[in-house]
Amino acid sequence: MNIVVLVKQVPDSGSERKLDPADNTVARAAADNVINEMDEYAIEEALLVRDREGGEVTVLTVGPASATDAIRKALSMGADKAVHVVDDAIHGSCAVQTSAVIAAALSQLEYDLVLCGAEATDAQLSVMPALVAERLGIPQLSGARKLTVEGGTAKIERQTDGGYWAVEAPLPAIVSTWDTINEPRYPSFKGIMAAKKKPVETKTLGDLGLDASAVGLANATSKVLDFAGRPPKGEGVKVADEGDGAQKLVDYLASQKIV
Amino acid sequence: MAEVLVLAELNAAGGGVRKTTLEALTAARALGEPSAVVLGAPGTAAGVKDALAEYGAAKVYVAESDDIDAYLVAPKAEVLAQLVSEKSPAAVVIPSSPEGKEIAGRLAIKTGSGFLTDVTEIAADGTATQVAFAGATIVHSQVTVGTPIDTLRGNSVTPEPAPAAGAEETVSVSISDQAKLAKVTDRVVEQKSSRPELTEASIVVSGGRGVASAENFSIIEALADSLGAAVGASRAAVDSGFYPHSFQVGQTGKTVSPQLYIAVGISGAIQHRAGMQTSKTIVAVNKDPEAPIFELADFGVVGDLNTVVPAATEQIAARK
């Protein structure tokens, strides 16, 4: 069972994140960059499937040179090797373009299963499995809270409001995972040391047979015209409860015509 | 007037159109004349056509086939792509559910277009407003290639009736084998609730770590029920096992934008703010006067939630 996990490096969602006023793209250089939290669940799931079924886990990242930190994290958790697509021309690409790069990179790999996080915490589109599936003509099993792989078929429970859909498809398939699916392991010291020696292959657009005009900010399918910080809220009212807190709260709701 | 396709999002079997669909029809009117698209098993359109017409659908395209619901996402994108090619609409507007965003993405690739997700406002020139980074940044964007596809975030637009003809047009459906790979074998509802859907509710009452136990969440539920509100939970509350994950509001959960958000026992970490910062009015109850949630709150009570919340619930009930 050969498994590829798509991993994205994102600005830490626990710190302040900004767009770069120079070109309206995510300000990555100045940010505290980390592996997308949701991807750790995909990596864990890949390792669990590999340990049951055998085979290899390959990490695939599209991102700047600094994204190697996210790759090392994935390798230290136990993935076997990595492919890093890095090319300055990719900067500012939209999701449609990025999916073309990922699909081209996947086409050069052997895979039975592709896993990714159900959402990246920076752009929060949650569409990459659908886009990659559309491009490669493979089934999309997205939003999984449970995955089973058996006899050439993948089955998931697709998380919905108040329940789930059972969905199944023949392999190869792309599966995205929510944080309800497992509990990702922490890299061990041994894992961290081993990760330093695991192979990371870098590829350029040229290596993937893609032209620079297919990607990048200037050729994106959508563009950010402008952005601004949310206007600050007016000073709110804060009262200390001295036995009348509930009364004041209800009075406030009444003043807003809510009750 | 230019035609704008609006994909109708429907409740499960026979439950009518979702509010998000009426919002999408309302927003689409900025760009032209909306035509609703109903996709589903045979018999789906009969119960929803009138509502679509009432909210401005000049036409209702009906594509019915068992294949549409039997497979995940791909069949719907395929039928929509066929319609885009036949009708050359000025834009496509889709409610921003997980499925809606995935349909939009596939449609973009099929039609050589760009797409924007979680749009909160659409201007007449096609400029879309989006909020980024935990609601802290407001972005104006535009699709620059092909037929613009926007997914509209729930509760961003107030649905307004605008009666139109709602002329039904049947679309012949033939789903390719390529779109029939991921088969939906079961749809399971685990939590039946009489409360409104979290992302659609006009009032949300959420509890955090301060609620202290799963049992004590009954305080949150009682306040929610007195207001006809949905119940939410912070990640800390979910991780502590107080409330199920599907009710989590925040960066890794649902994003809500109700008229009123009441945060109870929630400190207001960035993780949580990401999911509720765009709420119109925010009320907080927390015993820590320094809790960051008070920076967001229009009205805050510093006090013990175990006394304040039940008393408020009682007073709200007494006013009815």
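What covers the buried residues of helix 1 of chain B? The cover includes strand 1 (3–7), strand 2 (33–40), helix 2 (49–54), strand 4 (91–95), strand 5 (115–122) and strand 8 (149–152) of chain B. Keep in mind as you explore that this is a predicted model. Here is a short tour, topic by topic.

**A covered helix in chain B**

- Helix 1 of chain B spans residues 19–28 and is mostly covered, with 10 of its 10 residues buried.
- Among these buried residues are B:Lys19, B:Glu23, B:Leu22, B:Ala24 and B:Leu25.
- Strand 5, part of the cover over that helix, is also where you will find B:Asp118.
- B:Asp118 is buried because 22 other C-beta atoms lie within 10 Å, and 20 or more are enough to count.
- The phi angle of B:Asp118 is near 50°, a positive value in a residue other than glycine.

**Chain A as a whole**

- Chain A has 6 helices and 15 strands.
- Its C-alpha atoms fill a box of roughly 65 × 45 × 40 Å along the principal axes.
- Chain A has 259 residues, and 49% of them count as buried.
- Among contacts in chain A with a separation of 6 or more, 71% link residues 24 or more positions apart.

**The nonpolar cores**

- The largest nonpolar core holds 131 residues, and those with the most contacts inside it are A:Val5, A:Ala74, B:Val6, B:Val37 and B:Leu80.
- Helix 3 (residues 95–107) of chain A gives this core its largest share, 8 residues.
- Another core lies apart from it and has 52 residues, including A:Leu253, B:Val204, B:Val205 and B:Val302.
- Back in the largest core, take a look at A:Ala74: beyond its neighbours within four places in sequence, A:Ala74 is in contact with A:Val5, A:Val7, A:Ile35, A:Ile43, A:Val59, A:Ala79 and A:Ala82.

**Two helices packed together**

- Helix 3 and helix 4 (residues 128–136) of chain A pack at an angle of about 55°, with their axes 9 Å apart.
- That angle is why helix 3 of chain A counts as oblique to helix 4 of chain A.
- The crossing of helix 3 and helix 4 of chain A is right-handed.
- Helix 3 of chain A contributes residues such as A:Ala95, A:Val96, A:Ser99 and A:Leu106 to the contact, while helix 4 of chain A brings A:Met128, A:Leu131, A:Val132, A:Arg135 and A:Leu136.
- Sorted by class, this contact has 10 nonpolar, 1 polar and 1 charged residues.

**A buried valine in chain B**

- B:Val301 sits in strand 15 (residues 299–302) of chain B.
- B:Val301 counts as buried because it has 28 C-beta neighbours inside 10 Å.
- Leaving out neighbours within four places in sequence, B:Val301 is in contact with A:Val239, A:Asp241, A:Gly245, A:Lys248 and A:Leu249 of chain A, and with B:Val285 and B:Val308 of chain B.
- B:Val301 and B:Ala284 are 17 residues apart in sequence, and their C-alpha atoms are 6.3 Å apart in space.

**Backbone details in chain A**

- Most residues other than glycine have a negative phi, and most peptide bonds are trans.
- The peptide bond from A:Leu171 to A:Pro172 is cis, with omega near 0°.
- A:Pro172 lies in the loop between strand 11 (163–170) and strand 12 (173–177) of chain A.
- A:Lys257 is a residue other than glycine with a positive phi, near 60°.
- You will find A:Lys257 in the segment after helix 6 (245–255) of chain A.
- A:Lys257 counts as exposed because it has 6 C-beta neighbours inside 10 Å.

How values were computed: Residues numbered from 1 in each chain as written. Chains lettered and ligands numbered in written order. Predicted model: local features only at pLDDT ≥ 70, side-chain atom pairs only at ≥ 80, totals over all residues. Core = buried A, V, L, I, M, F, W, Y, C linked by C-beta atoms within 7 Å. Buried ≥ 20, exposed ≤ 12 C-beta atoms within 10 Å, placed from the backbone. Helix = DSSP H or I, 4+ residues; strand = E, 2+ residues; numbered from the N terminus. Contact = placed C-beta atoms within 7 Å. Axes fitted to C-alpha atoms, helices over the stretch in contact; angles between N-to-C directions. Parallel < 35°, antiparallel > 145°, perpendicular 65-115°, else oblique. Left-handed = near helix turned anticlockwise from the far one by under 90°. Nonpolar A, V, L, I, M, F, W, Y, C, P; charged D, E, K, R; others polar.
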